[in-house]
Amino acid sequence: MQKGSAELNQKSRRESLLPVPLDSRIFGLSTYIPFWISSMVVIQIFIVGQTFVPPNGSLNLFQASIAAVISALIVGIMFIVNSHPGMTYGIPFIVQARSAFGFNGARVASLIRVLPAVVWFGIGSWIGAAAVSYITENFWGWSSTPTYFISFLFIQTLLAYYGIQVAKWFNSLLSAVIIIFLIYINIQFLIVGNLEVSASWQGEGDWGLPFFASITAAVGILITGAINNGDISRYLINSAKHNWIGHLFGIVPTYLLLVFTGILAAIVTGIWDPIEALVSVVPNPSIAVLMLVFVIAAQVTTNLTLNIIPPAIVLMETFNIKWGISTIIVGILGIVTFPWLLLTNETFNTFIGYYSAFLGPLLGILITDFYFVRDRRFNVSRLYNNAVKYNWLGLGALLIGGIIGIVFLEISWMVSLPISSLLYWLGYKYLPSYKKELMRDKKEEAGDLVV
């Protein structure tokens, strides 16, 4: 393996999915934590926070706070647990998925991850375009959100085109600015809406299904990132400390802060549109412009990490096209997602429920396969040959869990994740053909850690 061959750049092809050597890892904690701080400013998380409390939800502030903390911890644990295979072996998500779904089956399973990514790419870009539209409308008297939307997609695609190094430094450098603005806007909400916040804390609320549905939606937003974080963690120094510290401090605080921002926005303003809600409490137009610049920057950093890299890698692996071409295709797909139709109170959480019904099983099967079936050891060479085209046990467990998740849509992944995980584990424990396949795999020369 050539040194640096696994680093993504505009000319990379399928060979860039080979394991990243230990001496080619580009992330330490000083860059990995700020990288994830920037990536976690997902305006969609803000919107989910708005659905916790009236007028869009039914929780009081205390219940919403508990739901937010639980959601943040679940997300952090998901990232830490499923980042271990990528960090240890230097492999991306689609290669990791071959163990549970087969060489070709991994491509089928990956569609469940990449389709929501493309949709979120479109939604995030539409939010950024709306922010630009606000600025030009209020200061120059004209705006064109569709034009800004196309331009925004182009800029993000261009940044992604040049690969992982650009994403690393762009996200890391913006992290401090993003955190400062988040703290500022929360202070503004508390100043402006002190009475409303106090009243919400004392409201009756609901500890029933709405409480668990709120957690389902909040976690469902980022199950996507937890599933394919091997795409990023493969570039992290191989250390258990780097894994848990990097994700605990990079993801959980920012995620929690953003959920609280959405909760406070709903209580104080009652405005569903995220742009209008944010600017409604700033004291003057100059601060409003800076706030909207923050929104734009936040969408770029999030989309680079969570919504462009995953589908572009899958396209590159499936068709062996250059990375640059893959990112351009993803940019074009982002245009046809019609995000303005999804960015409404009526459809937003429903959309999350449907896709997380299948994403929960996907994540559960990946974790079960690595930790409980393979005992945290992959035969890496086998992952790169075409010996097993389809693992029907993994695909079947995924389908069954997903269907059950749709039946229990409001708490979709909470039901579908454990069911698929259990079915997959039981299959390897009791089905003779899968027991033999596992024993044969363990007898072959195991893939050691990347050196």
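**View 1. Thr88 sits in helix H3, which spans residues 61-89.** Helices are DSSP runs of H or I with at least four residues, numbered from the N terminus. The model is predicted: local features need pLDDT of at least 70, side-chain atom pairs count only at pLDDT 80 or more, and totals for chains, interfaces and linings use all residues. Residues are numbered from 1 along each chain as its sequence is written, and side-chain values use heavy atoms, without hydrogens or water. Thr88 counts as buried because its relative accessibility is 6%; buried means under 20% relative accessible area, exposed over 50%, partly exposed in between (1.4 Å probe, protein chains only). A polar atom of the Thr88 side chain lies 2.7 Å from the backbone oxygen of His84.

**View 2. Helix H1, residues 29-39, is mostly covered.** Nine of its eleven residues are buried. Among them are Tyr32, Phe35 and Trp36. What covers the buried residues of H1 includes H3, helix H7 (164-192) and helix H13 (285-319).

**View 3. A nonpolar surface patch of about 730 Å² includes Ile150, Ile325 and Phe338.** Such patches are made of residues with over 30% relative accessible area and no salt bridge, with nonpolar side chains (Val, Leu, Ile, Met, Phe, Trp, Tyr) joined within 5 Å. A salt bridge is a side-chain nitrogen of Lys or Arg within 4 Å of a carboxyl oxygen of Asp or Glu. Helix H14 (residues 323-335) gives the most to the patch, with six residues.

**View 4. Ile325 belongs to helix H14.** Ile325 counts as partly exposed because its relative accessibility is 42%.

Terms used: Helix = DSSP H or I, 4+ residues; strand = E, 2+ residues; numbered from the N terminus. Polar contact = N/O pair within 3.5 Å; in protein donor to acceptor, adjacent residues only side chain to side chain. Patch = residues over 30% accessible without salt bridge, like charges linked within 9 Å, V, L, I, M, F, W, Y side chains within 5 Å. Areas by Shrake-Rupley, 256 points an atom, 1.4 Å probe, with all protein chains shown as cover. Contact = heavy atoms within 4.5 Å.
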